[in-house]
Amino acid sequence: MNDFLHQLDRWLYAAWPGALVGLLILLTMAPIRLPDALTVAPLLPLMAVYHFCLFRAEALPAWLLFLLGVLFDLLQGGPGTPVGVSALQFLLVRQAILGNQKYLVAVSFTFIWLGYALLSAAAVTLSWITMALLSWRFIDPQPALFQYVVSLFLYPIFGWVMGRGRPRDPLNAPEARP
Amino acid sequence: MAFREAVAQAAASVRHLVQRFSLALLVSAAVGTMLIGKADTVLLERVRAAALDLATPLLEAISRPVATVNQLITDIEDLADLRAENARLREENARLLAWQSVARRLEVENAELRGLLNFKEGPQAGFITARVVGDSGSAFVRSMLLNVGRRAGVAGGQAVVTGEGLIGRITEVGEGWSRVLLLSDLSFRLPVLVERTRERAILTGDNSAMPKLSMAQSVVGIQVGDRIITSGHGGSFPVGIPVGVVTSTTDGSIRVKPLGDTTRLEFVRVIDYGITGLVTGPAPPQEMYGPPLPPAGLRPAGAGK
């Protein structure tokens with residue numbers, strides 16, 4: 001029984017990052033309208049991708065990010081909108097983190113936040129350019145900019161909440177392992 | 001032993017290669033889907049419909065508590081300015097009562113004149129009320145998901161309105177869901193009329209809160225404050241649904257503020273006009289001979305609000 005629970009615990013632990021990104025994708029779609037000005041949802045899935053690629057990259061393999069990104073685009077887009085932009089965003093963010101891990105692991109939160117600021121700026125710019133190129137016209141960047149700024153200031157809250165869960169990782173508490 | 005080590009080393013390098021290659025593969029797959037979506041929209045729409053069939057029940061489940069929270073916030077906000085709101089409504093009520101008597105008189109007069117001229121009315125519009133279960137939440141796509149679909153009689157091209165005015169058009173329909181493309185979306189185009197001058201124009205969404213009015217004719221004579229209504233050209237929309245108000249006419253670019261507010265929407269109405277299929281449908285109705293069309297507010301589509 002205990003073995004089973006441990007097994008279940010490990011499974012849940014392994015599935016958590018992917019499941020959370022999926023849940024945040026659905027939450028982005030939910031018609032939540034808190035402040036009037038916020039017509040676009042914050043980049044919650046991107047935050048989760050950044051966070052988990054930083055701390056548990058093995059739990060978010062590239063293929064899973066690809067699938068989640070495609071799902072996100074399929075759900076979000078209307079006709080004619082490109083499918084695959086979010087997948088590309090997620091994959092490039094993951095790769096950028098894996099390639100620069102030495103600057104981002106075991107540093108203070110300020111640096112992690114700075115990293116998020118840079119990478120999400122790149123990701124938003126990427127999707128803006130892609131949209132403009134594929135539709136071949138100028139697109140008002142203001143909503144995207146707004147989305148970026150709001151997400152930037154939400155990230156510390158998100159990171160703090162996520163950080164609360166980390167001390168309970170089996171990896172950080174060896175006695176919890178079977 | 002050395003052989004085994006060599007094999008292990010080779011295996012490791014192969015694995016490394018595959019890992020590296022898999023990223024390139026996935027990145028090109030992502031770019032590929034974008035291009036495929038540009039070239040072959042039918043395939044992608046089918047996949048999208050399947051994904052939405054799965055996701056809509058989940059979204060609907062999420063939307064209920066979300067709506068409750070939104071309602072609570074609105075209630076609290078409303079409490080704060082109850083007095084001012086009350087005074088405003090009383091004033092508006094007085095004004096509307098005056099309008100009502102005018103409208104009654106005109107309605108009777110209109111009916112009589114139509115009887116005299118044997119005027120043929122367009123099809124009667126029916127309504128389908130829908131719950132908003134999802135929102136694109138994206139910075140580049142402006143759309144909403146509704147919990148009604150083919151089963152309820154929704155079809156592509158139908159107009160979607162709130163009490164205030166038009167908010168968009170149905171673009172995709174599933175069994176139990178449909179997607180509304182909002183006025184502000186990049187790919188939104190709508191034939192409209194300037195209510196005062198009866199001038200035809202095209203409303204073009206460009207991802208900003210204020211869609212642009214591209215005039216088919218001259219821009220002269222359009223003033224700030226002019227109301228924009230649907231023209232009914234193209235066949236799928238009834239004539240005279242209020243769309244917006246002109247807010248600026250600077251250097252040839254006319255901006256329109258939509259009347260329908262899309263933030264915090266819980267319910268919308270889909271107008272079933274009997275004619276659907278904006279592009280592929282039957283030819284648009286013939287121009288009617290005789291007197292100019294009656295004022296928009298008195299048509300049944302507008303009166304149902």
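In chain B, strand β6 (residues 189-194) and strand β9 (residues 227-230) run antiparallel and are joined by three bridges, where strands are DSSP runs of E with at least two residues, numbered from the N terminus, and two of them count as paired if DSSP finds at least two bridges between them. Within β9(B), B:Thr230 is the bridge partner of B:Val192. This is a predicted model, in which local features need pLDDT of at least 70 and side-chain atom pairs count only at pLDDT 80 or more, whereas totals for chains, interfaces and linings use all residues. Residues are numbered from 1 along each chain as its sequence is written, chains are lettered from A in the order in which they are written, and side-chain values use heavy atoms, with hydrogens and water left out.

Six strands of chain B close into a barrel with antiparallel pairing, in the order β6-β7-β8-β11-β10-β9.

The interface of chain A and chain B can be summarised as follows.

| Quantity | Value |
|---|---|
| Residues in contact (heavy atoms within 4.5 Å) | 46 from chain A, 50 from chain B |
| Buried area (accessible area, 1.4 Å probe, lost on being put together, summed over both) | about 4200 Å², 68% on carbon and sulfur atoms |
| Salt bridges (side-chain nitrogen of Lys or Arg within 4 Å of a carboxyl oxygen of Asp or Glu) | zero |

On the side of chain A that touches chain B, at least two residues each come from α1 (2-29), α3 (62-76), α4 (85-99), α6 (109-135) and α7 (142-165), helices being DSSP runs of H or I with at least four residues. The largest share, eight residues, is supplied by α3(A).

Note on methods. Buried area is the accessible area (1.4 Å probe) that two parts lose on being put together, summed over both.
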